[in-house]
Amino acid sequence: MAKSPAFRCSSCGAESSKWAGRCESCGAWNTLAEVQPLSEGPGKRLGAQRGSALALTDLASAEPPPPRRTSGVAELDRVLGGGLVAASALLLGGDPGIGKSTLLLQAAARFARGGLKVIYVSGEESAGQVQLRAERLGLTESPVRLAAATNLRDILTTLEAEAPDLAVIDSIQTLWLDTVEAAPGSVSQVRAAAHELTVFAKRQGIAVVLVGHVTKEGTLAGPRVVEHMVDTVLYFEGERGHPYRLLRAHKNRFGPADEIGVFEMTGRGLVEVKNPSALFLSERGEAVAGSAVFAGIEGSRPLLCEFQALVAPSPMAQPRRSVLGWDGARLAMILAVLDSRCGISFAGLDVYMNVAGGLRIGDPAADLAVAGALLSARHEQPLPEGAVLFGEISLSGGLRPAAQAENRLKEAVKLGFTQAILPRVRKQQGGTDGLRLRQITDLAAFAAELFGDG
Ligand code: TYD
Ligand code: MG
């Protein structure tokens, strides 16, 4: 029988079966400590001493659904599942510098103006720095109360006394508990602080928003360890150098996950983007080789975006496959399907794939747009003018219908597209007047029809 790991690093959380002076995972010294099992296992009994009996209830409850408070920022409220829920804990994760503090200060101000009592605790910046930002954002008149603190004991004492409706903690990595012997930002501290705050939120009936940085190197404990403790996890994403920011619901106990909100970072803070499709296609000129417009769905909303491919002879024995904004493994799969089902090989060719605007797409229906961009780049021949594409490609080379086809087509009509290339669907799509539907059964037929391959 496999024995469970007996030592855990207090800095990074890595587990190990034997003790060592230095953690193999993060390199910290003297951090490995023996893990004490919670239960002695089936051999040992709890003994004669009883706990108190739990009160059991039925599934049907007389309690009304949790009341929600809206901020008035539609992009934020939708991602929250219709507004902020009292007595809940929310985690906002994202790369440093992406705009988490800016978003939360703006949201806090909107909630405060809507009548909520809001406290913003900054552990990263001084009150003066936050005030400067508030000035830049034109929020100085908002009744948000500020504090700069990192000691969780002090923060909880303050929150208990003030009893706000909403508390923003920026960020969870700066907090420390005097009961935990580890540096702020370590897994033990982050986990303990998140636990205290979550329990506090439920007990006091306040909504707590925690900020967490994700670092690619993993040197700071990422908010991943906190994800299962909180009710809602939102990620704030975007590429540096692009002004667009996406707020994405990753987990939501009070609403749909995978919902997105789109913002633009301007000189005066974040501005809602009401029509993201128009924004993500705005820099597109005439149809060029290697460009395909994907009619996608993000959350409950259609989103049109552009996939760009570049294919060039490779000087290397192992050609490059580089993807930005999409899944690299899926690109490899489509290249393999093109090779074995359609006889179109990309051997000896470097392939670069990019989603314009710094967007990240997870919708599997993007397969056909990717294949279209790849074939178009390889043949140096643009896809038909005014065409959108979508459809999932299976390993057999067949095309599978995508969810919410009608919404995708409607959005394409709205943005002036004239044709859609999509998998064969059984029922007639409504509301797509003026759009020519080119329904295709498999990838080989697609390559043959558009580029004369095969
Ligand atoms: P910030 O909210 O501090 O990021 P985070 O809390 O995620 O680390 O945002 C930092 C970036 O946002 C910074 O590079 C400057 C930019 N920014 C603007 O472009 N406009 C603004 O109005 C503000 C406040 C920030
Ligand atoms: Mg910040």
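This is a predicted model: local features need pLDDT of at least 70, side-chain atom pairs count only at pLDDT 80 or more; totals for chains, interfaces and linings use all residues.
When neighbours within four places in sequence are left aside, the contacts of Thr198 are with Ala89, Met229 and Val230.

Elsewhere, helix α2 (residues 100–113) packs against helix α3 (residues 127–136) at an angle of about 70°, the two axes being 11 Å apart, so that α2 is roughly perpendicular to α3. Ser101, Thr102 and Leu105 of α2 meet Val130, Arg133 and Ala134 of α3 in this contact, which by class comprises three nonpolar, two polar and one charged residues.

An open sheet of mixed pairing is formed by seven strands in the order β17-β18-β16-β15-β19-β22-β23. Its edge strands, each of which pairs on one side only, are β17 and β23, and neighbouring strands are turned against each other by 25° on average, direction ignored. Within this sheet, strands β15 and β19 run parallel and are joined by two bridges, with Phe294 standing opposite Leu389 in β19. Helix α8 (residues 367–379) packs on the sheet, where it touches β15, β16, β18, β19 and β22, and its direction makes about 30° with that of β16.

| Strand | Residues |
|---|---|
| β15 | residues 291–298 |
| β16 | residues 301–313 |
| β17 | residues 321–324 |
| β18 | residues 349–355 |
| β19 | residues 387–389 |
| β22 | residues 419–423 |
| β23 | residues 436–440 |

Definitions and conventions:
Residues are numbered from 1 along each chain as its sequence is written. Chains are lettered from A and ligands numbered from 1 in the order in which they are written. Side-chain values use heavy atoms; hydrogens and water are left out. Axes are lines fitted to C-alpha atoms, for helices over the stretch in contact, and angles run from 0 to 180 degrees between N-to-C directions. Helices (H or I, at least four residues) and strands (E, at least two) are DSSP runs, numbered from the N terminus. Angles under 35 degrees count as roughly parallel, over 145 as roughly antiparallel, 65 to 115 as roughly perpendicular and the rest as oblique. Contact means heavy atoms within 4.5 Å. Ala, Val, Leu, Ile, Met, Phe, Trp, Tyr, Cys and Pro count as nonpolar, Asp, Glu, Lys and Arg as charged, and the others, Gly among them, as polar. Two strands pair if DSSP finds at least two bridges between them.
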